[in-house]
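Please keep the sequence and model at hand.

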Amino acid sequence: MNKNRINKVLESMKENEIPQLIISDPTAIFYLTGKWIIPGERLLALYLNVNGNHKIIINELFPQKDDLGVDIVWYNDIQDGVEILSKYVEKDKVIGIDKTWPSKFLLRLQELGAGSKFVNGSHIVDYVRIIKDEEEKSILRESSRLNDLVMEELIPWVGKGLTEKELNDKVREIYKTHGITEVSFDPITAYAKGAADPHHVTDDTKGKYGDCVVLDIGGFYNNYASDMTRTVFLGEVSERQKEIYNIVLEANLRGIAAAKPGNKMCDVDLAARNYIEEKGYGEYFTHRTGHSIGLEDHEFGDVSSVNEDIIKPGQAFSVEPGIYLPDEGIGVRIEDILIVTEDGCEVLNKFTKDIIVVPEDK
């Protein structure tokens, strides 16, 4: 196990008076052990206790050749994995439970009388994961650098008469040329009215002259996600589109400027949102300003108007304001990933935010 990360989790457990914790989320287990185990419907549980005697309960279908740094307790398909887990749980103490643990396992543990009280313990690991260590920062930088390259190679294809789905396929193809085999979410490649739908699902629409085009893409490099959005214009950009674009760009820059230690996460959201509202488009900015990122594209800790958590060095999150005018077929979103530093933030995406007009390939 990663001793530094485990120790931080154990310290937080003590501070929160949660003496024992069951972690079932495969991503959190990878974060702590360095091993991916995807159990499907079967039980997988990392049991941590502030007094030691940590265990990981794994089905025999998932053999581990490497030393995970924790005692492995095996079970098979005709054994009750939860009953085996319950033997290690201190029955007279509070136990924290992972928010992703299926209720069939939790209910069985309760039936067995393990633990005096059950509480949501996910925030213990979540708040440790939210602060990236130097290794994670380095990987996130490289992940975003590669994403910049993919965006640069993708944009010329906007003018080649592809449908949204074909452009989406092109994103995945370009990622593979950079050694990235898995996208971190389904890319958004949207023309005009699709661009005016924040989470548009790509279809067979083809772009036409004068369309705005939203490109929201990300991939996994060395297990860490990238995510970036740029909005470009096909053939020409109208004065109306320029107006909306420049408002969103300024909102993006203001959000980034507010991303510094001591501020609150909501300060970042409001820095972007208030500007868009001042310009008269508040009702057309319909989503939060950002989300945390790391081993998952959307991790715990959002950039919203209600998140009053204090920003700390090491956090990584997106700043992605947008304005969406479906009646006009105009949608603009500009997104960057940043890492909070000791006195501000480091923006990981270097790809230009200048207005780009992509010529039609006739």
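## Terms and basis

Two strands pair if DSSP finds at least two bridges between them. Helices (H or I, at least four residues) and strands (E, at least two) are DSSP runs, numbered from the N terminus.

This is a predicted model, in which local features need pLDDT of at least 70, side-chain atom pairs count only at pLDDT 80 or more, and totals for chains, interfaces and linings use all residues. Residues are numbered from 1 along each chain as its sequence is written, and side-chain values use heavy atoms, with hydrogens and water left out.

## The six-stranded sheet

I95 stands opposite F118 in β6. Strand β5 (residues 94–97) runs parallel to β6, and four bridges join them. Both belong to an open sheet of six strands, ordered β4-β3-β2-β1-β5-β6, with mixed pairing. Its edge strands are β4 (71–75) and β6 (117–120), each pairing on one side only. On average, neighbouring strands here are turned by 25° against each other, direction ignored.

Helix α5 lies across β1 (20–23), β5 and β6. It runs at about 75° to β1. Angles run from 0 to 180 degrees between N-to-C directions, and axes are lines fitted to C-alpha atoms, for helices over the stretch in contact.

## Helices α1 and α5

Helix α1 (residues 3–15) packs on helix α5 (residues 122–129) at an angle of about 135°, with the axes 9 Å apart. The two are therefore oblique to each other (angles under 35 degrees count as roughly parallel, over 145 as roughly antiparallel, 65 to 115 as roughly perpendicular and the rest as oblique).

From α1, R5, K8, V9, S12 and M13 meet I124, V125 and V128 of α5. Contact means heavy atoms within 4.5 Å. The residues of this contact divide into five nonpolar, one polar and two charged (Ala, Val, Leu, Ile, Met, Phe, Trp, Tyr, Cys and Pro count as nonpolar, Asp, Glu, Lys and Arg as charged, and the others, Gly among them, as polar).

## The four-stranded sheet

A second open sheet has four strands in the order β7-β8-β11-β19, with mixed pairing. β7 (188–191) and β19 (357–358) are the edge strands. β7 pairs with strand β8 (residues 212–217) in the antiparallel sense, over four bridges. Y191 has V213 in β8 as its bridge partner. Helix α7 (residues 164–177) packs on this sheet and touches β7 and β8.

## I256

I256 is found in helix α8 (residues 239–257). Its relative accessible area is 11%, so I256 is buried (under 20%; exposed is over 50%, partly exposed in between; 1.4 Å probe, protein chains only). Beyond its neighbours within four places in sequence, I256 is in contact with V319, D336, L338, C345, V347 and K353. V347 is 91 residues away along the chain, yet the C-alpha atoms of I256 and V347 are separated by 8.0 Å.
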